[in-house]
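My entries follow in the order in which I checked things.

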Amino acid sequence: MLCYHTGAGPAAGLLEFVSSMVRIVRATQVEIETAVQALRDGELVAFPTETVYGLGANAQNPAAVRRIFEAKGRPPHHPVIVHLDSPRFLHRWVREVPESASRLAEAFWPGPLTMVMPRGAQVHDAITGGQDTIAIRVPAHPMAQQLLTAFGGGIAAPSANRYGRLSPTRAEHVREEFGDTVRVVLDGGECQIGLESTIVSFEQGDVRLLRPGSVTAAQIRGVVGRELLPGANVDSPRVPGSPPTHYAPLTPMTIVPAGEIDAHSDAASAGGRRVAVLAQRLPLRAHKYVTWINAGRRPESYGRDLYTNLRTLDKAGCQRILVQAVPDAEGWEAIRDRLLRAATSVAESDDGSGTQAVLP
Ligand code: TXA
Ligand code: MG
């Protein structure tokens, strides 16, 4: 059995075109009022941003923020991002805005950039995990903007997924993750970027890249006019004893060298084992027992569809997901980072021993 999918849907070309025309970008007044009331009542509200859906709570209500952690099953000392509608009330949250941060805000806000800065005196420990810094983002999605402006305060929100799992890029993913635990889910259609925001922090005039995203290192360098400090990734490196994989499907996932995806599909499906493949082209030949998604060669659409595609493959009843390694080129950094975090192993090239290197 060979199932072909092209991208996130059955006829991605056409659907992409249609969905780009009917993207839902604004909520009704009633929806916004309901969501604002829920936030004021200390309840959780899931809302779309241009990166992924967030699971939001009133950032000034520590009990509400703690509910986020309970719902996600997230360890209590992980800090969360505070979302604002604009930088106008930044001084309520941040003690001192570094010079580079002002420039980056000017260049990329509203947008998919999160900045970690010294925390203000009034900020609760539930937000910062007790650290001396706070992460702030001004999202661009019109529905996030509507909600933030109507609420008038900061909304603390991690991605709206259970801890360690794939981030949601559609409202139905949030429902799948949380059912009725989240009272309000604002449906803003599919997230346009589909990968979490770029995160930076500041150290004595230098900028450190903590998480790659669609605002690239090169773009940030261009604005701050200096090299970036290498990233100690915020989602903690995968060392023995550290938390589980991030952004991960439940099915074991292996990244395989680009030119060997067909050979690996054959080998992995030998004897009738079902295999799921995330590739950047169609298969060279028909494989039995393979569910194959061609996610294409453009990083923008590959990234936008990545989590939806991994969700689809995770549900395909396969014993393994094989992912064709993505190019080592500009524009693919965030995708490569998320794939490595989701993978349980990386297969070495056939030129070597052909053995599989299991990630630490
Ligand atoms: O695109 C995004 O950033 C989405 C949308 C909803 O805004 N949010 C998101 O949140 O991805 P989350 O919690 O899944 O990832 C935020 C990361 C976490 O790894 C957290 O540890 C880190 O940001 N972070 C938050 N505050 C921090 C701080 N003060 N210092 C260092 N890292 C921080
Ligand atoms: Mg997350």
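I looked up Val45 and found that its bridge partner in S8 is Val184. This is a predicted model. Strand S2 (residues 45-47) and S8 run parallel and are joined by two bridges. I then traced the whole sheet: it is open, has nine strands and mixed pairing, and reads S8-S2-S3-S7-S4-S6-S5-S9-S10.

For the chain as a whole I noted eleven helices and 16 strands. Of its 360 residues, 54% count as buried. I put the accessible surface at about 15,600 Å², with 54% of it belonging to carbon and sulfur atoms. Among contacts with a separation of 6 or more, 66% are between residues 24 or more positions apart.

I checked for disulfides and the count is zero. Cys191 is buried at 1% relative accessible area, and Cys318 is buried at 11%.

Next I took helix H11 (residues 333-342). How many of its ten residues are buried? I get seven, so I wrote the helix down as mostly covered. They are Ala334, Ile335, Asp337, Arg338, Leu339, Arg341 and Ala342. These buried residues pack against S10, strand S11 (253-256), helix H10 (299-314) and strand S14 (320-324).

H11 also holds a charged pair. The side chains of Asp337 and Arg341 form a salt bridge at 3.3 Å, N to O. The two residues sit four apart in the helix, about one turn. Both are buried. I also noted a network in which salt bridges with shared partners join Glu176, Glu177, Arg311 and Lys315.

Arg119 and Asp125 meet through their side chains at 2.9 Å, N to O.

Glu190 lies in the loop between S8 and strand S9 (198-203) and Arg170 in the loop between strand S7 (155-156) and helix H7 (171-178), so the pair ties together parts 20 residues apart in sequence. Glu190 counts as buried at 19%, because the cut-off is under 20%. Arg170, at 23%, is partly exposed.

Methods: Residues numbered from 1 in each chain as written. Chains lettered and ligands numbered in written order. Predicted model: local features only at pLDDT ≥ 70, side-chain atom pairs only at ≥ 80, totals over all residues. Heavy atoms only, no water. Pairing = 2+ DSSP bridges. Disulfide = S-S within 2.5 Å. Buried < 20%, exposed > 50% of the residue type's maximum accessible area, 1.4 Å probe, protein only. Contact = heavy atoms within 4.5 Å. Areas by Shrake-Rupley, 256 points an atom, 1.4 Å probe, with all protein chains shown as cover. Salt bridge = Lys/Arg side-chain N within 4 Å of Asp/Glu carboxyl O.
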